[in-house]
Amino acid sequence: MLPDDPQTEQRKQKLAQLREQGQDPFEIHAYRRSHTTAELASAIEAVEQEHEQGDGDGAIDWDTAGFETAVAGRLMALRDQGKSVWADLHDASGKIQLWVTRDSVGEEAFESFKRLDLGDIIGASGNAFRTRRGEPTVHVSEYQLLAKALRPLPEKFHGLQDVELRYRRRYLDLIVNPEVREIFVARTRTIRAIRDCFDARGFQEVSTPMMQSLYGGANARPFVTHHNALDMDMYLRIAPELYLKRLVVGGMERVYEIGSVFRNEGIDALHNPEFTMLEAYQAYADYTDMMELFEALLCATAEAVNGSLTFTYRGHEISLQPPWQRISLMESIHHATGVDFEQLHTDEEARQACQQLDLGSMEKDGWAALLDKCFDRYVAPDLIQPTFVTDYPVQISPLAKRFPDRPHLTARFEPFIGGEEIGNAFSELNDPMDQRERFEAQVRAGREGDAEAHPMDEDYLRALEYGLPPTGGMGMGVDRLVMLLTGSTNLREVILFPHMRPEADTVD
C-alpha cells in the first residue's frame, strides 16, 4: 500500500478533528430529503407560475413565498465570499445551489462549512428561492456532513479524461462526467422497452442456468470453473439458446431472457468477455417473423430512448423505419469481391479464389473463415442503414433450419446497422437427426483445432426427439444496441464495469 498524497492526508486529518469533536459523519445512518434537486427546481418554478397566475405584480418576495426544503448530495463547487458561501450540490437528478451565511447557520457552523471539501456528501435544509441570476437555491439554515470524501476529485475544468481510468474507476467517472450517467439512464430505458415489447406480444420472461455442465448455443470458447460439492468442471454459459428451446419443447410457446453471457475471447471496441444478451423464441414462427420482431423491437427502443426512429451513429444519420433492406450473404460477397463461394467446394479452392483480396494471412483459413473475412472486409462496412443479411450456409449455422429447395443454405439472418452486426436469428432446426449430424461435424472440427466449435449435447438431442414445433428464434447484444442509440463507439462506454487487467498500485 502506497502512502497517501498530501490532499488525502489533509482530508483524513479533518476527519480526525471532527471525530475528536464528537462529529463522526460515518455514524449517520440516514437523511430524510423532502426533494431531489430536480424536484426542488420544479417546485420553485411552480411557485413562480402561481405568482404569475395571481396578481403577478412585482418580483416574488421569497421570504414569504419560499418554502422549507431538505436536500442531499455531493458538493461539487464552493465559492467563499467572506460573509457567505455559495455551493453547488449534485444528486442523481441534477444540481441545486446552496447559500450559507453566518446569520443563517451560526458562527461555528459557518466556519465548519467553509472547511468542507469538494466531494463531501451533505444534507442541507432551509428556505428555497430563486436568485436574481435565475439559480434555484436553498438558503441553508442547517446542514449535516453525511460522508467525508477522503480523496480529491479530478480538477474541475478538465475532469476525468484518461479513458482507461474512466472505465476502471467508473464511480469516479459518474461523479465528474454527468453525461456518462445519461448513457446508463438510456441503457435502463432500453431494457425496459425490450421487456415491454415482448410482454405486449405474450412472451414470458424466464431465467436459465448461467453455470452449465455443457456449454452451447453459439460458436465460442467458454470460461471453465469448478463446482466443489459436485467435484465437476462447469462452464459459464456462452448463450441461453439450448435451454430456452427446451422450454419451447415443454410447451412454453413464447419465451425470452435478458442476461449475462460469457465468451472467452479478446477485448476490443465491440467485444467484452461478459456482455448482456437478449434471446427469444416463438413457436409456430419462422425467420421472417423474427425480422418483423427485430424491426418492431428496435423501433420501440429507439422511441423510448430518443423519441425518434432516426439517430446519428459514427457520423451517419440512420433511420429504423421499416421495412429494412434484405440482402443475401453470399450474393453480397460475390457482388463486392467477384468471389462466388457457392461454386467453391474445398478450403483450397476458397484460398485460391481469394488470393487477390486484402484478407491478410489465409494459410490456416478454411472455406467458412474466408467467407467471414470477405464479408467483414468488403460488405459489412457499407451496411449503414438497417439491413438483414440472409441465407447463411449450413457450415456456419449448426442450429438453423435448411431451405428445402437449397439444402446447403439455412433460413438465418443477421441484422446490421451502422456497419456492425447487432444480432442473429433463424428458423430453428427441429429435426433431431439433422441436428445430430451437425453436432458431429462440429465435434470433428473441434478435434481438428477449432476452439469455438459447438460440442455434442445429447440431452438437447433427446429434447428434440420429443418434438420441437416449428420455431423462430432471435438473439441480440443489448450492449451493442445501447451503443447505437447513444452514439457510443466503444462497448466499454455502455458497460458499467468492463473487464480490464488488474491495476498496478499508483499514487493519485
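**Ground rules**

I am looking at a predicted model, where local features need pLDDT of at least 70, side-chain atom pairs count only at pLDDT 80 or more, and totals for chains, interfaces and linings use all residues. Residues are numbered from 1 along each chain as its sequence is written, and side-chain values use heavy atoms, with hydrogens and water left out.

**Entry 1: cores**

I started with the nonpolar cores, meaning sets of buried Ala, Val, Leu, Ile, Met, Phe, Trp, Tyr and Cys residues joined through side-chain atoms within 4.5 Å. For burial I use relative accessible area: buried is under 20%, exposed is over 50%, and partly exposed is in between (1.4 Å probe, protein chains only). The largest core holds 74 residues, and Phe-198, Leu-278, Phe-341 and Met-474 have the most contacts inside it. Helix H10 (residues 287–306) gives the largest share of this core, ten residues. My element names follow DSSP runs, numbered from the N terminus: helices are H or I with at least four residues, strands are E with at least two. Another core, of 28 residues, lies apart from the largest one, and Leu-18, Ala-87, Leu-89 and Leu-98 are among its members.

Then I zoomed in on Phe-341. Which residues does Phe-341 contact, leaving aside neighbours within four places in sequence? I found Met-330, Ile-333, Ala-350, Cys-354, Trp-367, Leu-370, Leu-371 and Cys-374. Contact here means heavy atoms within 4.5 Å.

**Entry 2: H11 and H13**

Next I looked at helix packing. Helix H11 (residues 329–337) packs on helix H13 (residues 367–378) at about 65 degrees, and their axes are 10 Å apart. The axes are lines fitted to C-alpha atoms, for helices over the stretch in contact, and the angles run from 0 to 180 degrees between N-to-C directions. This crossing is left-handed, which is the case when the near helix is turned anticlockwise from the far one by less than a right angle; clockwise makes it right-handed. On the H11 side I listed Leu-329, Met-330, Ser-332, Ile-333, Ala-336 and Thr-337, which meet Trp-367, Leu-371, Cys-374, Phe-375 and Tyr-378 of H13. Sorted by class, this contact has nine nonpolar, two polar and no charged residues. For the classes, Ala, Val, Leu, Ile, Met, Phe, Trp, Tyr, Cys and Pro are nonpolar, Asp, Glu, Lys and Arg are charged, and the others, Gly among them, are polar.

**Entry 3: H14 and H15**

How far apart are the axes of H14 and H15? For helix H14 (residues 432–447) and helix H15 (residues 458–465) I get 9 Å, at an angle of about 160 degrees. The two are therefore roughly antiparallel, a label for angles over 145 degrees. H14 passes H15 in a right-handed crossing. Pro-432, Gln-435, Arg-436 and Phe-439 from H14 meet Glu-458, Tyr-460, Leu-461, Leu-464 and Glu-465 from H15. That contact comes out as five nonpolar, one polar and three charged residues.

I also checked Arg-462, which is in H15 and is partly exposed at 44%.

Most residues other than glycine have a negative phi, and most peptide bonds are trans. A cis peptide bond joins Pro-322 and Pro-323, with omega about -5 degrees. Pro-323 sits in the loop between strand E13 (316–319) and strand E14 (325–328).

Tyr-284 has a positive phi, near 65 degrees. Tyr-284 is in the loop between E11 and H10. Is Tyr-284 buried or exposed? Exposed, at 58% relative accessibility. Asp-391 also has a phi near 65 degrees, but Asp-391 lies in strand E15 (residues 387–393) and is buried at 9%.

Gln-282 belongs to strand E11 (residues 274–283) and is buried at 13%. Beyond four places in sequence, Gln-282 touches Phe-203, Glu-253, Arg-254, Met-290, Pro-470, Thr-471 and Gly-472.

Val-206, in the loop between strand E6 (204–205) and strand E7 (211–212), is buried at 13% too. The C-alpha atoms of Val-206 and Ile-258 are 8.4 Å apart, though 52 residues separate them along the chain.

Key:
Parallel < 35°, antiparallel > 145°, perpendicular 65-115°, else oblique.
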